[in-house]
Amino acid sequence: MDTLISENGVFLPIPPFQAVRLHFILGTILVLTSMVAHTLFPINLITHPTQTLFIIWGIVGPVLMILFGHLRQDMEQCSYFRAAGRGYVGLVVGAIVNALGAIILGAPVGFEYFTKTLNWSLLMSSFTFVPAACAFGSAWTHWHRVFASTKAFSFIDYMIRLPAYGAVIGAWFGAWPMPLDWERPWQEWPICVSYGAMAGYLMGLVASSVCIIFHNRRQQHLKGE
C-alpha cells in the first residue's frame, strides 16, 4: 500500500493493484476508441484526422477526469466533482500549451490546419495535463515534483509522469517522417504525430505499471527485512 501525503496532512492510500488496473482500463479505452471510430464511422486518422481525433479525445479526456478525480490529493478540501472540473480547466490550458509548443517546433500554421491542431492539442492535453490537474489542482510544488523531479514520491507520480512523458516523446518521434519527401498521406500534420503520441502513451502506461509493481515489491522486501 502506497501513501501520498497532502498539504493538510491527509494520507491518500493507493493500492498497487488499483493503479495497474487503472492503467489497463485507460489503455483498453484508448484502443477501443480508435477501433470504434474506424468501425462505426468508417473514418481513421489518415482519411479524417480531425473527426477521429475529436472522437478519441472526446472519450479519453472525460474518462481520465473520472478516474483521476478519485485520486485527488486534497480530498477534505476538494469534492470529486470539483476535481473533475479542474480536469476541464487543465484540458483547456494544456491544449493551449501543446498547440503553442507544436507551432514553435514547426507545426504548420493556417486556417486549414486550425481544427487539426486544436484536436491534436486537446488529445495531448488529455494525456499530459488532465491527470495532474485532477489530482493536484494548481499546487505547483506537486506539478514540479511529478514532472521535473526524477524521484517518484508515490504511485500517483508514476501514473501521471510516465504516460505523459511517453505521449510527448512518442509525438516527437512521430514527427520525424513529416519533412521527408516520401509523399505519403500519413505524413500530413498531425497524423503521424498523433499515432506517435498514442503509441508513446500506451508504452508509458506499461512502463508505469512495471515501475509500480517493482516499487511495491521493493517496499515489501524492505519491510520484510
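This is a predicted model: local features need pLDDT of at least 70, side-chain atom pairs count only at pLDDT 80 or more; totals for chains, interfaces and linings use all residues.

1. First, a caveat and the outline. The chain holds eight helices and two strands, and the order from the N terminus is β-β-α-α-α-α-α-α-α-α. Of its 225 residues, 49% count as buried.

2. On the annotation: the unreviewed UniProt entry marks residues 20-41, 53-71, 83-108, 120-143, 155-175 and 195-214 as "transmembrane region". That comes from the record, and such annotations may be inferred rather than shown by experiment. How do two of these spans look in the model? Residues 20-41 are 95% helix and 0% strand, with the end C-alpha atoms 31 Å apart. Residues 53-71 come out at 89% helix and 0% strand, and there the end C-alpha atoms lie 26 Å apart.

3. Helix α1 covers residues 16-40. Its 25 residues should span 36 Å at 1.5 Å a residue, and the end C-alpha atoms are 35 Å apart, so the length agrees with expectation. As a reminder, an α-helix has 3.6 residues a turn, so residues three or four places apart point the same way.

4. Helix α2 (residues 49-69) passes the length check too: 21 residues should span 30 Å, and the end C-alpha atoms are 29 Å apart, which agrees. Is this helix enclosed or open? Of its 21 residues, 15 are buried, so α2 is largely enclosed by the rest of the structure.

5. The partners are D157 and R145, whose side chains meet at 2.9 Å, N to O. D157 sits in helix α7 (residues 155-174) and R145 in helix α6 (residues 140-148), so to speak a link between distant parts of the chain, 12 residues apart. Are the two partners buried or exposed? D157 is buried, and R145 is buried as well.

6. There is much to look at among the aromatics, with 11 aromatic pairs counted. One of them joins F129 and W143: the ring centres are 5.7 Å apart and the planes meet at 55 degrees, so this pair is tilted. F129 lies in the loop between α4 (111-128) and α5 (130-136), while W143 is in helix α6, 14 residues away. W143 counts as buried, at 16% relative accessibility.

7. W143 also pairs with F147, the ring centres being 5.9 Å apart and the planes at 40 degrees, so that pair is tilted as well. Both residues lie in helix α6, four residues apart, which is about one turn of the helix. F147 counts as partly exposed because its relative accessibility is 24%, and the buried class stops under 20%. Which residues make up the cluster here? F129, W143, F147 and Y165 form one aromatic cluster.

8. On the surface, have a look at the nonpolar patch formed by I46, L180, W182, W186 and Y195, with about 450 Å² of accessible area together. Y195 belongs to helix α8 (residues 191-224). At 38% relative accessibility, Y195 counts as partly exposed.

9. Helix α8 also carries I213, which counts as partly exposed at 38% relative accessibility.

10. Last, a loop residue. C78 is in the loop between α2 and α3 (80-104), and at 2% relative accessibility C78 counts as buried. Pair it with G137 in your viewer: C78 and G137 are 59 residues apart in sequence and 9.3 Å apart in space, C-alpha to C-alpha.

Technical notes:
Residues are numbered from 1 along each chain as its sequence is written. Side-chain values use heavy atoms; hydrogens and water are left out. A salt bridge is a side-chain nitrogen of Lys or Arg within 4 Å of a carboxyl oxygen of Asp or Glu. Buried means under 20% relative accessible area, exposed over 50%, partly exposed in between (1.4 Å probe, protein chains only). Patches are made of residues with over 30% relative accessible area and no salt bridge: like charges are joined within 9 Å, nonpolar side chains (Val, Leu, Ile, Met, Phe, Trp, Tyr) within 5 Å. Accessible areas come from the Shrake-Rupley method with a 1.4 Å probe; for residues, only the protein chains shown count as cover. The expected span of a helix is 1.5 Å times one less than its number of residues. Rings of Phe, Tyr and Trp (its six-membered ring) pair if their centres lie within 6.5 Å; planes under 30 degrees apart count as stacked, over 60 as edge-to-face and the rest as tilted.
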